[in-house]
Amino acid sequence: MSSYSREIIGELVAGTLPWHQTKRIMSAYKDEDRFFKVLSVLQDRVSWDDRILLPIGDHLFIAETPRGRVTKCECGHEHGDYRRNWKLTAHIFVRKTEETLREIYPNSDLPDPRWMEIREFICPSCGILHEVEACAPGYPILHDFQPDLEGFYRDWLKQPLEG
Ligand code: ZN
């Protein structure tokens, strides 16, 4: 059972949490100075030394590591090469029954579990909730943010990545 409040999960489903904005990061950070300031704040927050290249969630980053550019949780858990779908290596809690859906829709009409399920993607190491997907049962797990990392550094930031 996810330990997250239904409010948080509801907001994630609705896409109203601020870090959903990071999906537009490539157009949002035209001011490269601001971008690097944000990165340095994030870098101070994590306990590991691998360089953060791009935040893709409130607690999820693409980082430069000895194992390549990987998707990495704030706690240090690595989800593998950033071009692969990190969600496939997360713990997934699926709400597809009335009972579990009711927890996040306490006062409103329930989505019909025959047509919609909610998937919560959770770090297997620290248990933090990274992402929520609402979709039809059986629908493939989305990899909804596939940044052109190299192009972003080269073209927007004018600081091409090595290698
Ligand atoms: Zn974690």
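**Exercise 1. Which residues does Arg119 touch, not counting residues up to four places away in sequence?**

Step 1. List the partners. Arg119 touches Ile92, Phe93, Val94, Glu131, Val132, Glu133, Cys135, Ala136, Gly138, Tyr139, Pro140 and Ile141.
Step 2. Arg119 is in strand 6. Helices (H or I, at least four residues) and strands (E, at least two) are DSSP runs, numbered from the N terminus.
Step 3. Arg119 has a relative accessible area of 5%, so Arg119 is buried. Buried means under 20% relative accessible area, exposed over 50%, and partly exposed in between (1.4 Å probe, protein chains only).
Step 4. The Arg119 side chain reaches the backbone oxygen of Tyr139 at 2.6 Å.

This is a predicted model: local features need pLDDT of at least 70, side-chain atom pairs count only at pLDDT 80 or more, and totals for chains, interfaces and linings use all residues. Residues are numbered from 1 along each chain as its sequence is written, and side-chain values use heavy atoms, with hydrogens and water left out.

**Exercise 2. Is Glu133 buried or exposed? Which side chain makes a polar contact with the side chain of Glu133?**

Step 1. Locate Glu133: this residue is in strand 7.
Step 2. The relative accessible area of Glu133 is 4%, so Glu133 is buried.
Step 3. The side chain of Glu133 makes a polar contact with the side chain of Lys87, at 2.7 Å. A polar contact is a pair of N or O atoms within 3.5 Å; within protein, one must be able to donate a hydrogen and the other to accept it, and residues adjacent in sequence count only if both atoms are side-chain atoms.
Step 4. Beyond four places in sequence, the contacts of Glu133 include Arg119, Phe121 and Leu142.

**Exercise 3. Which residues coordinate the zinc ion? Why is the arrangement tetrahedral?**

Step 1. Name the donors: Cys73 (SG), Cys75 (SG), Cys123 (SG) and Cys126 (SG), at 2.3 Å. Donors are N, O and S atoms within 2.8 Å of the metal (3.2 Å for Na, K and Ca); water is not among the atoms, so sites may look incomplete.
Step 2. Check the angles. The four donor atoms subtend 106 to 115° around the zinc ion, which makes the arrangement tetrahedral. Four donors count as tetrahedral if all angles lie between 85 and 135 degrees.
Step 3. Read the spacing in sequence: C-x1-C-x47-C-x2-C.
Step 4. Cys75 and Cys126 link distant parts of the chain, 51 residues apart. Cys75 is in the loop between strand 3 (68–73) and strand 4 (78–81). Cys126 is in the loop between strand 6 (117–122) and strand 7 (129–135).
Step 5. Cys75 is partly exposed because its relative accessibility is 36%. Cys126, at 42%, is also partly exposed.

**Exercise 4. How many residues has the largest nonpolar core?**

Step 1. Apply the rule: a nonpolar core is a set of buried Ala, Val, Leu, Ile, Met, Phe, Trp, Tyr and Cys residues joined through side-chain atoms within 4.5 Å.
Step 2. The largest such core has 25 residues. Phe35 and Tyr153 are among those with the most contacts inside it.
Step 3. Strand 2 gives the largest share of this core, four residues.
Step 4. Another core, of nine residues, lies apart from it and includes Phe93 and Val132.

How values were computed: Tetrahedral: all angles 85-135°; square planar, octahedral: opposite > 155°, others 65-115°. Contact = heavy atoms within 4.5 Å.
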